[in-house]
Amino acid sequence: MQVQVNTTGLPNKESLDRWAEQYLQDELARFRHDITRIEVHLSDENGGKSGSADKRCTLEARLAHHQPLAVHHDGDSQDLAVRGAADKLKRLVEHTVDRGRDSRHRERDSIRKDGVPDAGQADAAAL
């Protein structure tokens, strides 16, 4: 899983890049075989002014055999913005990957033999 960090108007770019990459690698380790790349976009929404929820983190995940997924989260700090977006992305990837696994499961052949009812069908037929 490759992580690419892009920042706009934020200080400490190098340390922020390293922290965000390591944090996302740890948080999404379960999906390392499903996710090929994550793009992180961090920005300060109102420049030098202070205010609540003025840091925005947008995460775009590229998954194998799926369309790209994107989430964003606004926070009071860069840390909170990244953590909030990571939580949202984890839930979205989990839902997307599990849904794909469920559909592959449904495509399998039935274990029941044609013409031989299972126990539930036999009981229902007797009523």
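Please keep in mind throughout that the model is a predicted one.

I begin with the sheet. Four strands make up an open sheet, arranged in the order β1-β2-β3-β4, and their pairing is mixed. The edge positions belong to β1 and β4; each has a single partner strand, so one side of each is left without a neighbour in the sheet. From one strand to the next, the twist averages 15°. In general terms, strands of a sheet pair through backbone hydrogen bonds, and they do so either parallel or antiparallel.

Let us look at one of these pairings. β1 and β2 run parallel and are joined by seven bridges.

In β1, the covered face carries V3, V5 and T7, whereas Q2, Q4, N6 and T8 are on the uncovered one.

I return now to S43, which has its place in strand β2. Is S43 buried or exposed? Its relative accessible area is 17%, and because the limit for a buried residue is under 20%, S43 counts as buried. Apart from neighbours within four places in sequence, S43 is in contact with T8, L10, D54, K55 and R56.

Nonpolar side chains tend to be buried together in soluble globular proteins. The largest nonpolar core here has 26 residues, and those touching the most other members are L24, I38, V40 and L59. At least two residues of this core come from each of β1, α1, β2, β3, β4 and α2. Which element gives the largest share? That element is α2, with seven residues. As for L24, if residues up to four places away in sequence are not counted, the residues it touches are M1, V3, I38, V40, L59 and A86.

I turn to aromatic rings. Such a pair is described by the distance of the centres and the angle of the planes. How many aromatic pairs does the structure hold? There is one. W19 and Y23 form this pair, which is stacked, with 5.2 Å centre to centre and 15° between the planes. Both residues lie in helix α1, which covers residues 13–27, and they are four residues apart, about one turn of the helix. W19 is partly exposed at a relative accessible area of 29%, while Y23 is buried at 13%.

Finally, I draw attention to H65, located in the loop between β3, residues 55–63, and β4, residues 69–75. The phi angle of H65 is near 65°, a positive value in a residue other than glycine. With 83% relative accessibility, H65 counts as exposed.

Notes: Residues are numbered from 1 along each chain as its sequence is written. This is a predicted model: local features need pLDDT of at least 70, side-chain atom pairs count only at pLDDT 80 or more; totals for chains, interfaces and linings use all residues. Side-chain values use heavy atoms; hydrogens and water are left out. Buried means under 20% relative accessible area, exposed over 50%, partly exposed in between (1.4 Å probe, protein chains only). Rings of Phe, Tyr and Trp (its six-membered ring) pair if their centres lie within 6.5 Å; planes under 30 degrees apart count as stacked, over 60 as edge-to-face and the rest as tilted. A nonpolar core is a set of buried Ala, Val, Leu, Ile, Met, Phe, Trp, Tyr and Cys residues joined through side-chain atoms within 4.5 Å. Contact means heavy atoms within 4.5 Å. Two strands pair if DSSP finds at least two bridges between them. Axes are lines fitted to C-alpha atoms, for helices over the stretch in contact, and angles run from 0 to 180 degrees between N-to-C directions.
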